[in-house]
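This briefing is for a reader meeting the structure for the first time.

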Amino acid sequence: MSGDTVFIPPKLARTVTGEFGERGAAWLARLPEQLREVSEHFRLRVGKPYQDLSYNYVARAETEDGTPVVLKLGVPHRELLTEAETLTLYEGAQALVSLLGGAPDEGVLILERLEPGTPLREVDDEEATEVVASLMRELRRLPTEDSTLPTVADWGRGFARVRALKGSAHEFPAEILDEAESAFFELDESCDERVVLHGDLHHWNVCAAARRPWLAIDPKGVVGDPAYEVGAFLRNPLPEILAASRPERIIRRRVEVFSARLGFPAERLLRWGFAQAVLSACWGFEGRDEGWRDALRLAESFRSV
């Protein structure tokens, strides 16, 4: 692709510079050159990027023998490394996309391409809930002794970071922050076992594939309570849930399915859902994403179930 012009989507440019600052700006400036180097080194024919990119440049590609793959490039950082570690741990698992190669330390992943790639969001919610419950059962793994994956408790530090931002401009409600943080760590400390979790298993991270109906993509990789895994699905897709006349009905039905299929007490799932919705709001607040208020609205819905 030496003669091609590389299009960098505006949203990608905004999020990368917002997250990584000068390092992100430097990465974006060098992205066309890196694409040429990666395509030559790994002998890839790289096509156009996917739509709606945020933190990584992701494009369809083909290997020298015509095998369809996905090329994922990002600013080298912890999350890409944990994604690669998680995919390696799950090597051979039928429920997760395969890592085929790359150089994770340099922010380069070469992944199995899923075709047709239709997101789970396109099916009705009852079917989607059943699909995700099945994937959760398949993906449960014990961490290795040398695992470097973060823990759920590590992620929970987001509560304290928001509390540390207190000042005249601080708008985050202290009461719900305290309640969610307390529930979060009580749940984490009371779990019977800690396993490797996908960490972000929702409607857009499950896609239709040729080798089986549905596969999970984009694992975050985190170690913790198996019941924690339901949180991302329970709060997504956020705009659609909040637009419903009774969001708590959607939450209740999903929790009933997860409780029946996975064996977790419904009350525990609801508490995880509430705590994670507030934590999601914390992350949005830190990143100056106005969506944090919607996440808090959803957290209130968990209280009404």
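Helix H2, residues 78-89, lies across E2, E3, E4 and E5 and runs at about 35° to E5. The model is a predicted one. Another helix, H1, lies across E1, E2, E3 and E5, at about 135° to E3.

**The sheet**

- Five strands make up an open sheet, with antiparallel pairing and the order E1-E2-E3-E5-E4.
- Its edge strands are E1 and E4 (99-103), each of which pairs on one side only.
- On average, neighbouring strands of this sheet are turned by 30° against each other, direction ignored.
- Between E3 and E5 the pairing is antiparallel and runs over five bridges.
- Within the pairing of these strands, lysine 72 has leucine 109 in E5 as its bridge partner.

**Helix H1**

- H1 covers residues 10-41, and its end C-alpha atoms are only 27 Å apart, whereas a straight helix of 32 residues would span 46 Å at 1.5 Å a residue.
- The buried residues of H1 are Leu12, Thr15, Val16, Phe20, Gly24, Trp27, Leu28, Leu31, Gln34, Leu35, Val38 and Ser39.
- In an α-helix, residues three or four places apart point the same way, because there are 3.6 residues a turn.
- The strands that the buried residues of H1 pack against are E1 (45-49), E2 (56-62), E3 (68-74) and E5 (108-112).

- Arginine 43 follows H1 and sits in the loop between H1 and E1.
- Although arginine 43 is not a glycine, its phi is positive, at about 55°.
- The relative accessible area of arginine 43 is 54%, so this residue counts as exposed, the cut-off being over 50%.
- Aspartate 218, also not a glycine, has a positive phi near 50°.
- The place of aspartate 218 is the loop between strand E8 (214-216) and strand E9 (222-224).
- With a relative accessible area of 29%, aspartate 218 is partly exposed.

**Cis peptide bonds**

- Glutamate 115 and proline 116 are joined by a cis peptide bond, with omega about 10°.
- Proline 116 belongs to the loop between E5 and helix H3 (125-139).
- A cis peptide bond also leads from asparagine 236 to proline 237, where omega is near -15°.
- Proline 237 is located in the loop that lies between helix H7 (231-234) and helix H8 (238-243).

**Cysteines**

- Zero disulfides are found when the whole structure is searched.
- Cysteine 207 has a relative accessibility of 9% and therefore counts as buried, since buried means under 20%.
- Cysteine 282 counts as buried as well, because its relative accessibility is 0%.

Terms used: Residues numbered from 1 in each chain as written. Predicted model: local features only at pLDDT ≥ 70, side-chain atom pairs only at ≥ 80, totals over all residues. Heavy atoms only, no water. Helix = DSSP H or I, 4+ residues; strand = E, 2+ residues; numbered from the N terminus. Expected span 1.5 Å × (residues − 1). Buried < 20%, exposed > 50% of the residue type's maximum accessible area, 1.4 Å probe, protein only. Contact = heavy atoms within 4.5 Å. Disulfide = S-S within 2.5 Å. Pairing = 2+ DSSP bridges. Axes fitted to C-alpha atoms, helices over the stretch in contact; angles between N-to-C directions.
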